[in-house]
Amino acid sequence: MTGPNVLAELSAIEEQLDPANAEGTAGLRVLAYGEVSACLKVPGLPGLVCKRMSGFASAEAAGSYVELVQRYIDHLASAGIAVVPTEIVTVNRPGRTPVVYLVQQEAPAHTLGHRHLVNGDEASTLDIVDRVLQQVLALARANRARTDGLEVAIDAQLANWSLNTDVLRPGEPVLLDIGTPFMRHDGAHLIDITWLERPIPPVVRAYYRRQGLVGAYLDDYFNPRTVAVDLLGNFHKEGRADRIPVAVEHVNTWFADHADDLGPHPAITPEEVDTYYRRDADQLELYLRLRRADRFVRTKMLRRPYDFVLPGPVQR
């Protein structure tokens, strides 16, 4: 999939890239945005998606992240979770800390889980939800079987999966998003929380740290019920809120059927899904506005580099 040409192309992009104006880089296209990441289509690398991870405090921090992502992929595979083949590429930058790219073959758009939600019928939506929740169940079983204090989790929203057959009988889900390694040891997150806090504007970063907000956000992904609520909440984002009631009923039945593995859970309600999604969307919107203000101060007033790629207006 990759080779010296990939490193050369990504190094060339980094030489040109102004993260504050990413699509001003010749031929570059931004497919998606995260807090510390951006999924890029690089003109010299057709057929590949390059997820740029930035903001590392040092080369050592970037190296630790690379090792953790590889461990995460290995643990997912050992639990039976199919992960799209990923090449982890570190790009060194003179005078600055490295960035890391997660390079994957681009999944055909029609195979993506959220596209099935938008374009498929009700039965296919419930089938996809079942198949994704089976991955959550597989991890829960693997975590329960471990004796070393390690827990592994995933962000199960449908946009993170590729399903490679027809819409009525989707195939085994393949996980695309492994940029945030959800791993805890004896309850402590293995990912560097201070790295995830770096995009937060300094004026509010101390508050986030005191309150432990980033760690609490990550903790949600280790609770299968909350993962399901988040998955269902993203139906709003994809314009299919009409399917939430039937999907909620289906998911509640699924949890009841797997209570031996997952334990008893209070029933999810459509109102809970709506409230969870709206609260999350409002928090993300406020956070994005603060980051844009921080970018303006850094780049326009202080004339300092800004290392994160931010989206324009977001439909939530």
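This is a predicted model: local features need pLDDT of at least 70, side-chain atom pairs count only at pLDDT 80 or more; totals for chains, interfaces and linings use all residues.
Visitor: How many cavities of 30 Å³ or more does the count give?
Guide: On a 1 Å grid over the protein atoms alone, a cavity is a set of points where a 1.4 Å probe fits but cannot get out; a pocket is an open set with protein on both sides within 12 Å along at least five of seven lines; lining residues have an atom within 4 Å of a point. Points are joined across faces, edges and corners, and a volume is the space filled by probe spheres set on them. Here the count is 4, and the largest cavity has a volume of about 50 Å³.

Visitor: Which residues line the largest cavity?
Guide: Among them are His114, Leu158, Phe235 and Glu238. Helices (H or I, at least four residues) and strands (E, at least two) are DSSP runs, numbered from the N terminus. Helix H3 (113–119) and helix H8 (224–237) each supply at least two lining residues, and H8 gives the most, with 3 residues.

Visitor: How does H8 pack with helix H9?
Guide: Two packed helices are described by the angle between their axes and the distance between the axes. Axes are lines fitted to C-alpha atoms, for helices over the stretch in contact, and angles run from 0 to 180 degrees between N-to-C directions. H8 and H9 (residues 244–257) pack at about 165°, with axes 10 Å apart. H8 is therefore roughly antiparallel to H9 (the class for angles over 145 degrees).

Visitor: What is the volume of the second largest pocket?
Guide: About 290 Å³ of space lies in the second largest pocket. Of its 14 lining residues, the closest to the centre are Gly55, Arg198, Arg298, Asp307 and Phe308. Strand E6 (96–105) and helix H11 (270–301) are the elements that give two or more residues to this lining.

Visitor: Where is Gln283 found?
Guide: Gln283 is found in helix H11. Buried means under 20% relative accessible area, exposed over 50%, and partly exposed in between (1.4 Å probe, protein chains only). With 49%, Gln283 is partly exposed. Its C-alpha atom is separated by 21 Å from that of Leu158, 125 residues apart along the chain.

Conventions: Residues are numbered from 1 along each chain as its sequence is written. Side-chain values use heavy atoms; hydrogens and water are left out. Angles under 35 degrees count as roughly parallel, over 145 as roughly antiparallel, 65 to 115 as roughly perpendicular and the rest as oblique.
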